[in-house]
Number of protein chains: 2
Amino acid sequence: MIKEKVAVIGSGNWGTVVAKILGTNVVQQSGFEHEIKMWVFEEMIGERKLTDLINEKHENVKYLPGVSIPENVVAVPDVVEAAKGATILVIVIPHQFVNGVCDKLKGNVHPKVKAISLVKGFYTTESGIRPISHLIKEALKISVCTLSGANLANEIAQEKFSETTIGYKNRHEGKLFKRLFETKYFKVNIVDDVLGVELCGALKNVIAIGAGMIDGLKLGENTKAAIIRIGLLEMKKYIKMFYKGIKDETFFESCGIADVITTCYGGRNRKAAEAFIVTGKSFEQLEKELLNGQKLQGTLTAKEIYLVLHRKGLEKEFPLFTTVYRIVFEGLDPHKIVEDIV
Amino acid sequence: MIKEKVAVIGSGNWGTVVAKILGTNVVQQSGFEHEIKMWVFEEMIGERKLTDLINEKHENVKYLPGVSIPENVVAVPDVVEAAKGATILVIVIPHQFVNGVCDKLKGNVHPKVKAISLVKGFYTTESGIRPISHLIKEALKISVCTLSGANLANEIAQEKFSETTIGYKNRHEGKLFKRLFETKYFKVNIVDDVLGVELCGALKNVIAIGAGMIDGLKLGENTKAAIIRIGLLEMKKYIKMFYKGIKDETFFESCGIADVITTCYGGRNRKAAEAFIVTGKSFEQLEKELLNGQKLQGTLTAKEIYLVLHRKGLEKEFPLFTTVYRIVFEGLDPHKIVEDIV
């Protein structure tokens with residue numbers, strides 16, 4: 001039997017945590033080659049290359065300082081080299097990089113390769129928005145599963161217990177990925193719903209922007225729970241309206257309700273939206289100050305969703321998504337988040 | 001057309017907030033008599049009777065200090081006198097008082113009276129646990145609706161926005177109660193599911209005990225969201241297993257998911273369970289210190305539920321409920337809350 005060979009495409013905060021999990025698991029589980037190549041977007045840390053630092057210290061000093069990565073994880077600066085010979089690609093990069101990476105990988109992957117996408121967000125085209133898993137699937141002509149859940153990366157790096165959800169189309173692949181990812185502190189449920197899992201992971205950030213505004217306005221726990229509830233229903237309605245084959249049960253998985261809760265209490269979209277209300281600063285400014293220049297997913301997704309709703313005249317059917325967009329991009333009074341949704 | 005006459009049976013923290021809402025609404029809505037009698041369990045505050053103080057200051061100085069109650073709400077120390085002539089009884093008392101109150105009201109209520117129960121918890125008999133709404137219905141031979149939601153009382157007293165859910169059997173009554181309770185800051189959804197609404201309100205407190213333990217153990221947002229998710233599923237499973245006619249949609253209402261969230265982040269069961277872990281004190285001690293001697297609903301409900309599960313040999317199907325019980329009552333190591341549910 002041929003062993004599965006894993007490559008991790010991406011090495012940010014979440015990607016590095018995932019490499020840590022997989023590096024341990026491929027050794028403990030049977031059927032996997034022990035070496036994992038991890039693609040690192042090369043950058044200089046002082047006078048040293050990040051890949052060299054990772055391979056020397058077995059630690060991602062930039063994106064996950066203080067946490068050891070198993071020595072069988074090898075940082076590679078060339079994405080084609082990282083993916084070479086891999087039968088499993090774990091794709092965990094910011095969504096704006098997906099196109100470029102797929103272009104490079106096209107024609108350079110193993111004939112039996114399959115992928116699992118941990119990418120959050122959509123791919124926007126002139127005709128609308130498309131899931132990232134579709135993009136990868138079409139670009140590389142391979143099968144793509146998805147993984148999403150209540151997974152704040154730093155807590156998992158500390159091996160605190162969490163759950164996650166893997167969406168599969170082919171059950172055999174779902175089970176393979178469960179074996180690859182599951183640990184004592186990272187519990188995997190698999191569901192036959194690739195898109196449901198992926199889309200919850202993208203849309204929840206819009207709800208978190210709304211929840212953060214409630215925190216900034218100091219409206220309390222009842223109001224915040226109401227916003228989360230309404231947001232969850234709009235998320236479900238949106239996904240079921242625009243995509244086929246979505247399962248109701250998916251929204252009860254970690255990728256659904258649990259991730260919405262985690263993101264609305266502990267995530268960076270919540271934090272930035274609270275600061276937006278309290279300080280009056282722009283989201284651009286707050287991205288610089290709070291996120292080290294990283295782009296916020298929630299405001300971008302709110303805009304992408306709103307453009308679809310607006311084009312179809314569906315604003316009134318999605319009052320929370322619409323109001324969040326208008327507060328962020330059109331200067332609407334934030335108090336409208338309560339007034340306009342009831 | 002005969003006007004509806006409202007009596008509020010109960011005057012604790014939540015009962016007083018409800019009396020404030022209803023006192024305003026009966027004047028603004030058509031079809032209601034303006035005077036509302038509120039039954040107050042008489043007690044002495046210094047040398048004054050609590051009823052006299054409420055009627056003089058239009059404020060419940062003991063259970064909701066600092067908040068004005070409309071002058072058309074009249075405190076009455078005798079429950080039969082309070083209910084006399086009322087066509088609507090709003091029952092909002094601790095569940096251990098329900099039997100005694102019903103005994104007194106029996107034969108002393110208006111022939112057209114109907115009730116809405118805001119009581120949390122179960123009524124335990126030797127043969128098992130029964131919903132409070134059943135008890136009221138059988139004792140007084142009247143129709144009973146239920147109200148429950150993400151409703152921390154002090155936030156509603158400050159007129160911060162929240163939602164709630166009313167469960168009805170007769171849609172006409174559901175709509176009547178919606179008119180009676182709804183305000184700009186207190187949004188009512190009605191559902192054809194008396195028991196679903198009521199039982200969510202009771203069971204959520206067990207989940208909150210679990211969530212508070214996670215806070216005490218400092219396991220973070222991912223773990224807490226996992227516990228909330230698993231708790232919500234066990235709550236749904238328990239209610240659907242033991243009661244008929246429960247609607248799936250009820251769990252997406254304010255009484256379901258939103259109340260679970262509010263209770264797990266802002267409620268007193270969460271707070272006491274966190275302190276139980278951090279200080280090592282008993283729940284009895286913490287009730288005295290944190291709750292002014294008031295009994296915690298969550299630990300009591302955990303025990304009632306566990307006895308049912310144990311009798312039927314269902315412990316393994318409800319690992320969170322079972323583990324919460326064992327930590328509280330059998331001295332199980334609190335870390336088992338994570339280990340035993342996965």
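## Relation of the two chains

The model is a predicted one.

## Domains of chain A

Chain A is assigned two domains: domain 1 covers 6-192 and domain 2 covers 203-339. Taken over C-alpha atoms, the centres of domain 1 and domain 2 of chain A are separated by 26 Å. The contact between them involves 21 residues of domain 1 of chain A and 21 residues of domain 2 of chain A.

## The sheet of chain A

Chain A has an open sheet of eight strands with mixed pairing, in the order β5-β2-β1-β6-β7-β10-β11-β12. At its edges stand β5 (73-76) and β12 (186-191) of chain A; each has a single partner strand, so one side of each is left without a neighbour in the sheet. On average, and with direction ignored, neighbouring strands are turned by 25° against each other. Inside the order, strand β6 (residues 88-91) of chain A runs parallel to strand β7 (residues 114-117) of chain A, and four bridges join them. In this pair A:Ile88 is opposite A:Lys114 of β7(A).

Helix α2 (residues 50-57) of chain A lies across β2 (36-39) and β5 of chain A, at about 165° to β5(A). Helix α8 (residues 194-217) of chain A touches β10 (144-148), β11 (162-167) and β12 of chain A, and its direction makes about 40° with that of β10(A).

## A hairpin in chain A

Strands β8 (residues 122-125) and β9 (residues 128-131) of chain A pair in the antiparallel sense over four bridges. The two strands form a hairpin, with two residues between β8(A) and β9(A). One of the bridge pairs is A:Thr124 with A:Ile129 of β9(A).

## The sheet of chain B

In chain B, an open sheet of eight strands has the order β5-β2-β1-β6-β7-β10-β11-β12, again with mixed pairing. Its edge strands, β5 (73-76) and β12 (186-191) of chain B, each pair on one side only. Strand β1 (residues 6-9) of chain B is joined by four bridges to strand β6 (residues 88-91) of chain B, and the two run parallel. B:Ile9 is placed opposite B:Ile91 of β6(B).

Helix α2 (residues 50-57) of chain B packs on the sheet through β2 (36-39) and β5 of chain B, with its direction at about 165° to that of β5(B). Helix α7 (residues 171-181) of chain B touches β1, β6, β7 (114-117), β10 (144-148), β11 (162-167) and β12 of chain B, and its direction makes about 175° with that of β12(B).

## A helix crossing in chain B

Helix α9 (residues 220-242) and helix α14 (residues 319-330) of chain B have axes that come within 8 Å and cross at roughly 105°. That angle makes α9(B) roughly perpendicular to α14(B). On α9(B) the contact is made by B:Ile227, B:Ile230, B:Gly231, B:Glu234, B:Met235 and B:Tyr238, and on α14(B) by B:Pro319, B:Leu320 and B:Phe321. Seven of these contact residues are nonpolar, one is polar and one is charged.

Key. Residues are numbered from 1 along each chain as its sequence is written. Chains are lettered from A and ligands numbered from 1 in the order in which they are written. This is a predicted model: local features need pLDDT of at least 70, side-chain atom pairs count only at pLDDT 80 or more; totals for chains, interfaces and linings use all residues. Side-chain values use heavy atoms; hydrogens and water are left out. Axes are lines fitted to C-alpha atoms, for helices over the stretch in contact, and angles run from 0 to 180 degrees between N-to-C directions. Angles under 35 degrees count as roughly parallel, over 145 as roughly antiparallel, 65 to 115 as roughly perpendicular and the rest as oblique. Contact means heavy atoms within 4.5 Å. Ala, Val, Leu, Ile, Met, Phe, Trp, Tyr, Cys and Pro count as nonpolar, Asp, Glu, Lys and Arg as charged, and the others, Gly among them, as polar. Two strands pair if DSSP finds at least two bridges between them. Domain bounds come from an automatic or database domain assignment.
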